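Let's take a friendly walk through a predicted model. Have the sequence and the 3D view at hand as you read.

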Amino acid sequence: MIGRLFGRVNPREAMIRDLHVRINAAARAPALYTTLGVPDTVEGRFECLSLHVILVLRRLNRLPDPAAEVAQDLVNAVFLQLDSSLRESGIGDFGVPKRMKKLGAAFYGRAAGYDAALDAADPDALARSLARNVLGVDDAADAAGLARYVMASDRALASLDLDALVVAGPRFAAVEPPAGTADQSGVSR
């Protein structure tokens with residue numbers, strides 16, 4: 001704490017903070033909301049952040065040490081941010097732990113579902129899970145574009161080693177318009 005007052009920052013904390021900031025920025029990309037249908041709500045932003053963190057954690061969990069420590073530090077940073085956000089939103093000290101427990105269960109439940117679908121290379125299962133969790137809809141067809149984005153992002157992240165991931169930042173796929181829609185040039189895909 002005293003080191004922070006005098007401008008000294010732990011390099012590991014700075015690395016995790018930078019990684020977290022980059023993931024947050026990716027999760028707030030406007031095209032995710034305007035093109036892929038992620039609801040621009042508190043819940044939608046939580047789901048989108050969770051999705052991107054889960055993708056990065058998948059990669060970290062497949063890398064050699066010290067990637068596991070980086071993964072744990074990232075999870076800690078994300079949940080500290082969520083705790084802080086809940087407190088800033090006016091939720092009292094007694095309500096925060098209960099909400100955090102629900103958020104943690106939701107996060108790890110989604111991680112297990114997304115991991116299973118990605119490990120099986122099953123775009124239909126992934127779309128069903130994304131439709132239910134991220135988009136809040138019943139029709140998996142509505143989440144097909146988001147599933148393609150997630151699978152492409154997972155492949156892009158798989159090409160990164162630990163240094164590239166933490167120094168250059170995570171690589172996520174470009175958001176592609178859903179099939180049959182016109183892109184900005186007016187060309188239908």
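## Helix packing and an aromatic cluster

The axes of helix α2 (residues 11-27) and helix α4 (residues 42-60) come within 9 Å and cross at roughly 130°. The crossing of α2 past α4 is right-handed. On the α2 side, the contact is made by I23, N24, A26 and A27, and α4 brings in C48, L49, H52, V53 and V56. Sorted by class, this contact has seven nonpolar residues, two polar ones and no charged ones.

Helix α2 is also the place of I16. Is I16 buried or exposed? I16 has a relative accessible area of 6%, and because buried means under 20%, I16 is buried. Leaving aside residues up to four places away in sequence, I16 touches V70, D73, L74 and A77. The C-alpha atoms of I16 and N76 are separated by 9.7 Å, although these residues are 60 apart along the chain.

Now for the aromatic rings. The count comes to three aromatic pairs, and two of them are set out here.

| Pair | Geometry | Centre to centre | Between planes |
|---|---|---|---|
| F79 and F107 | edge-to-face | 5.4 Å | 90° |
| F79 and Y108 | stacked | 6.4 Å | 5° |

The pair of F79 and F107 links helix α5 (residues 67-88) with helix α6 (residues 95-119), its members being 28 residues apart. Y108 also lies in helix α6, 29 residues from F79. F79 is buried at 15% relative accessible area, F107 is buried too, and Y108 counts as partly exposed at 48%. Together, F79, F107 and Y108 form one aromatic cluster.

Conventions. Residues are numbered from 1 along each chain as its sequence is written. This is a predicted model: local features need pLDDT of at least 70, side-chain atom pairs count only at pLDDT 80 or more; totals for chains, interfaces and linings use all residues. Side-chain values use heavy atoms; hydrogens and water are left out. Helices (H or I, at least four residues) and strands (E, at least two) are DSSP runs, numbered from the N terminus. Buried means under 20% relative accessible area, exposed over 50%, partly exposed in between (1.4 Å probe, protein chains only). Contact means heavy atoms within 4.5 Å. Axes are lines fitted to C-alpha atoms, for helices over the stretch in contact, and angles run from 0 to 180 degrees between N-to-C directions. A crossing is left-handed if the near helix is turned anticlockwise from the far one by less than a right angle, and right-handed if clockwise. Ala, Val, Leu, Ile, Met, Phe, Trp, Tyr, Cys and Pro count as nonpolar, Asp, Glu, Lys and Arg as charged, and the others, Gly among them, as polar. Rings of Phe, Tyr and Trp (its six-membered ring) pair if their centres lie within 6.5 Å; planes under 30 degrees apart count as stacked, over 60 as edge-to-face and the rest as tilted.
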